[in-house]
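Subject: Structure handover

Hi,

Here is the structure I said I would pass on.

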Amino acid sequence: MDNEIFEALFEIVTFFNQPQQDRHLLQQADVPLESAALPIVVRVGRQPGISIGELANQIGRNHSSISRQVDKLMTAGWLAEAERRDQRVRQVTLTSQGQRGLIQIKLAREAALREKLASYSNTDRAELARVLQQLADTLTGNKEDYHE
């Protein structure tokens, strides 16, 4: 069964890592961003004040690539540099424009997911949400053990 879990997770991660999925989502959200910018905006929205190094690590791209993309997003008015506590570490937050764009992205993502899960019952959706949250907590170490 463990291999089946891995295979399912692999397919899910592959689906979400495809640039065409990001392009489609941005188009549906009517947000004028490059697909490479989407993971940056989403992560900065979830983690205000995240550093460029942390972004690069989480997204799996090199520091200079993320730094260039961040510079573009700052120029476009989506990101702002957070107040520096350490001059060596550059941290970013969303601007009000970035926050509005992120809301549009979230709404489009929710609509797309609702469409994909239309055949699921409310009970199935609730169970899926519960198990996925349990898995996320387990993988990130947010919860010790689950006993059910």
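Is Glu-34 buried, partly exposed or exposed? Glu-34 counts as partly exposed, because its relative accessibility is 42% (buried means under 20% relative accessible area, exposed over 50%, and partly exposed lies in between, with a 1.4 Å probe and protein chains only).

Before the rest, some housekeeping. This is a predicted model, where local features need pLDDT of at least 70 and side-chain atom pairs count only at pLDDT 80 or more, while totals for chains, interfaces and linings use all residues. Residues are numbered from 1 along each chain as its sequence is written, and side-chain values use heavy atoms, with hydrogens and water left out.

**Salt bridges**

Searching the whole structure turns up four salt bridges (a side-chain nitrogen of Lys or Arg within 4 Å of a carboxyl oxygen of Asp or Glu). One of them pairs the side chains of Glu-34 and Lys-72, at 3.7 Å from N to O. Helices here are DSSP runs of H or I with at least four residues, strands are runs of E with at least two, and both are numbered from the N terminus.

As for accessibility, Arg-90 counts as buried at 17%, whereas Asp-71 is partly exposed at 35% and Glu-81 is partly exposed at 35%.

**The sheet**

Three strands make an open sheet in the order β1-β3-β2, with antiparallel pairing (two strands pair if DSSP finds at least two bridges between them). β1 (50-51) and β2 are the edge strands, each pairing on one side only. β1 and β3 run antiparallel and are joined by two bridges. If you want a spot to look at, Ser-51 stands opposite Gln-91 in β3.

**Pockets**

Rolling a probe the size of a water molecule over the atoms shows where empty space is left. A pocket is found on a 1 Å grid over the protein atoms alone, as an open set of points where a 1.4 Å probe fits, with protein on both sides within 12 Å along at least five of seven lines; its lining residues have an atom within 4 Å of a point. Grid points are joined across faces, edges and corners, and the volume is the space filled by probe spheres set on them.

The largest pocket has a volume of about 2600 Å³. It is lined by 48 residues, and those closest to its centre are Ile-12, Phe-16, Val-42, Arg-109 and Leu-113. The elements giving two or more residues to this lining are α1 (2-17), α2 (19-29), α3 (38-46), α4 (52-59), α6 (96-116) and α7 (122-140). α6 has the largest share, eleven residues. By class, the lining has 25 nonpolar, eleven polar and twelve charged residues (Ala, Val, Leu, Ile, Met, Phe, Trp, Tyr, Cys and Pro count as nonpolar, Asp, Glu, Lys and Arg as charged, and the others, Gly among them, as polar).

The second largest pocket comes to about 200 Å³. Among the residues lining it are Ile-5, Ile-12, Glu-127 and Leu-135. α1 and α7 each supply at least two of its lining residues, and α7 gives the most, with five. Its lining has eight nonpolar, no polar and one charged residues.

Phe-15 and Phe-16 form an edge-to-face aromatic pair, 5.1 Å centre to centre with 85 degrees between the planes (rings of Phe, Tyr and Trp, the last by its six-membered ring, pair if their centres lie within 6.5 Å; planes under 30 degrees apart are stacked, over 60 edge-to-face and the rest tilted). Phe-15 is partly exposed at 31% relative accessibility, and Phe-16 is partly exposed at 48%.

Lastly, Ile-40 is in helix α3 and counts as buried at 0% relative accessibility.

Cheers
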